[in-house]
Amino acid sequence: MSEAARGSAGGRVLDVILPILVFLAAVAGWEAVVRIRNIPHYLVPAPSLVATTLVSDWPTLSGSLWVTLKVTFSALFAAVVGGVGLAILFAQSRWIERSFYPFAVILQVTPVIAIAPLLVIYLDPPTAVLACAFIVAFFPILSNTTLGLASADHNLVDLFKLYGASRWQQLIRLRLPAALPYFLGGLRVGGGLSLIGAIVAEIAAGTAGQGSGLAFRIVESTFRQNMPRVFAALVLIAVTGITIFLFFTLLTHLLLRHWHESVRRRDT
Amino acid sequence: MLALSGVGKAFSNGIVALAALDLEVRRGEFLTLLGPSGCGKSTALRMIAGLTEPSAGALTWAGGERPEIGFVFQEPTLMPWASVFNNVWLPLRLRGISKAAAAASITDALALVGLADFAKAYPRELSGGMKMRVSIARALVLRPPLLLMDEPFAALDEITRFKLNDDLLRLKSELGATVVFVTHSVYESVYLSTRIAVMAARPGRIVSQILIEAPLPRGEEFRTTALYNERCRAASQALMEALSPEDRL
Ligand SMILES: Nc1ncnc2c1ncn2[C@@H]1O[C@H](COP(=O)(O)OP(=O)(O)O)[C@@H](O)[C@H]1O
Ligand SMILES: [Mg+2]
């Protein structure tokens with residue numbers, strides 16, 4: 001192993017260790033402040049109490065986590081199918097793109113929290129929550145994929161024409177691979193937004209929702225001043241968000257490592 | 001092989017890229033279009049390839065229809081997500097030929113350009129010159145009788161360019177292909193071609209033709225011959241005359 005490679009491997013270890021140290025220090029400080037100041041647990045629970053609550057309430061919390069995960073990933077899946085499908089349709093004709101793109105933008109710029117109460121009236125609450133999560137995840141995937149499909153090298157497009165490629169071949173062999181890095185960028189953003197959408201919508205659905213996702217647990221526990229459980233639910237949401245982000249970052253790396261500049265590894 | 005008669009091209013933005021171009025491409029020759037940028041060289045080449053239609057005049061092919069054509073752009077224009085092997089496979093793949101059936105042709109094409117050992121590499125692992133070789137291998141894999149090249153070596157350093165010039169002449173002789181080459185380098189055009197068509201801009205047209213009677217392939221010593229020097233001088237002169245007054249500034 002070369003000197004430079006060892007240096008960068010060391011750098012990567014530090015990338016992991018430093019944030020963990022900062023995190024542990026923050027948790028320890030929090031625990032200390034709560035204990036020294038005797039802060040009541042219905043205001044700010046100590047991390048240790050949050051941890052024990054996480055374990056003791058796990059049967060309830062895990063059920064809610066499962067509900068939230070199901071909504072997040074169903075919505076993301078629908079956003080991928082819808083976003084990529086519509087982007088491919090846009091790529092077939094500028095007229096289709098011009099006719100429909102503005103509506104996608106309107107959907108995007110209207111805050112989902114403002115739409116959610118309406119959706120709860122028109123749809124049954126679980127469907128409304130799913131729809132909200134879909135709406136926020138859909139746009140980044142649509143717009144990124146649309147951009148990606150349009151950014152295939154124009155000389156390569158000419159080359160495909162020269163060799164008599166069909167529209168289908170051009171899509172499969174050229175436009176889709178060229179769009180992949182853009183799509184993955186959209187997926188990373190959309191994945192996080194889909195979780196946010198699922199949480200926000202459930203809170204907006206409020207008492208109308210018999211839903212039992214993590215957001216519902218937070219609303220319910222705040223109401224009962226059960227702060228340790230609120231914090232435990234928050235921890236689960238944060239961990240879910242981080243896992244989604246790491247998962248798509250890893251996926252991006254695996255799919256693009258051979259060819260895309262964004263995942264170029266280099267010695268210095 | 002091909003005759004362009006009275007060919008014109010006006011774009012919708014009003015630019016007349018070509019005006020009444022008469023040009024014959026003879027079988028087996030190495031024809032270079034030499035001219036300042038913007039004189040319509042690329043447009044003429046794309047028209048020969050069928051990538052753009054003339055707005056006036058006509059192209060007449062000897063066999064009645066356009067033969068198989070290989071095209072090399074100024075950029076290597078490789079698919080970055082595909083290995084060298086799969087990049088060279090592309091023309092065959094688009095014709096529905098499986099990887100197994102195409103393997104022999106692909107290996108041959110890579111050997112021709114001296115990249116037999118790099119089949120598994122990805123484009124970003126290669127130097128500029130090597131990428132251009134892959135691009136040439138891809139253009140040759142169908143063994144086209146006509147090879148069109150649009151300033152293929154313009155972005156390369158001079159040593160690499162000289163090497164690729166020699167390799168190109170060798171390949172052309174081995175394959176017996178006709179080449180239409182575009183450049184704005186006088187020296188490159190004289191070294192490579194059997195005939196040079198000098199073009200002028202606004203509107204794009206051919207102003208003079210120069211024959212270089214030395215047989216192909218040529219070696220480095222050709223650069224020291226009287227013929228080479230005389231033709232370089234003639235080509236420079238023709239190019240200077242082709243420049244409009246504002247270009248000369
Ligand atoms: N697709 C196009 N639309 C409009 N104008 C074009 C297009 N392609 C080329 N032109 C114009 O036509 C002229 C000739 O272009 P080109 O053939 O690329 O010249 P060259 O290759 O000799 O530099 C230039 O003025 C260029 O701006
Ligand atoms: Mg050009």
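# Close-up views

**View 1. A:Asn38 is found in the loop between helix H1 (3–37) and helix H2 (47–56) of chain A.** Helices (H or I, at least four residues) and strands (E, at least two) are DSSP runs, numbered from the N terminus. This is a predicted model, in which local features need pLDDT of at least 70, side-chain atom pairs count only at pLDDT 80 or more, and totals for chains, interfaces and linings use all residues. To find your way, note that residues are numbered from 1 along each chain as its sequence is written, chains are lettered from A and ligands numbered from 1 in the order in which they are written, and side-chain values use heavy atoms, leaving out hydrogens and water. The phi of A:Asn38 is near 55 degrees, a positive value in a residue other than glycine. At 65% relative accessibility, A:Asn38 counts as exposed; the classes are buried (under 20% relative accessible area), exposed (over 50%) and partly exposed in between, with a 1.4 Å probe and protein chains only.

**View 2. A:Gln225 sits in the loop between helix H9 (214–223) and helix H10 (227–256) of chain A.** A:Gln225 is not a glycine, yet its phi is positive, about 55 degrees. With 52% relative accessibility, this residue counts as exposed. Stepping back, chain A has 10 helices and 0 strands, and buried residues make up 38% of its 268 residues.

**View 3. Here chain B meets chain A, with 23 residues from chain B and 22 residues from chain A in the contact.** Contact means heavy atoms within 4.5 Å. About 2,100 Å² is buried between the two chains, and carbon and sulfur atoms give 63% of it. In chain B, B:Trp81, B:Leu94 and B:Arg124 lose the most area to chain A, together 39% of what that side buries. Buried area is the accessible area (1.4 Å probe) that two parts lose on being put together, summed over both.

**View 4. A:Asp158 and B:Arg46 form a salt bridge.** Their closest N and O atoms are 2.4 Å apart. A salt bridge is a side-chain nitrogen of Lys or Arg within 4 Å of a carboxyl oxygen of Asp or Glu, and the rule finds 1 across the interface of chain B and chain A. Helix H1 (41–49), strand S5 (69–72), helix H2 (84–93) and helix H4 (128–140) of chain B each supply at least two residues of the side that touches chain A.

**View 5. B:Ser193 lies in the loop between helix H6 (186–192) and strand S8 (195–200) of chain B.** B:Ser193 counts as buried, at 0% relative accessibility. Leaving aside residues up to four places away in sequence, B:Ser193 touches B:Phe30, B:Thr32, B:Ile212 and B:Arg218. The side chains of B:Ser193 and B:Thr32 are joined by a polar contact of 2.6 Å. A polar contact is a pair of N or O atoms within 3.5 Å; within protein, one must be able to donate a hydrogen and the other to accept it, and residues adjacent in sequence count only if both atoms are side-chain atoms.

**View 6. B:Arg202 and B:Pro203 are joined by a cis peptide bond, with omega about -10 degrees.** B:Pro203 belongs to the loop between S8 and strand S9 (205–211) of chain B. A cis peptide bond also joins B:Leu216 and B:Pro217, where omega is about -10 degrees. You can find B:Pro217 in the loop between S9 and helix H7 (226–242) of chain B.
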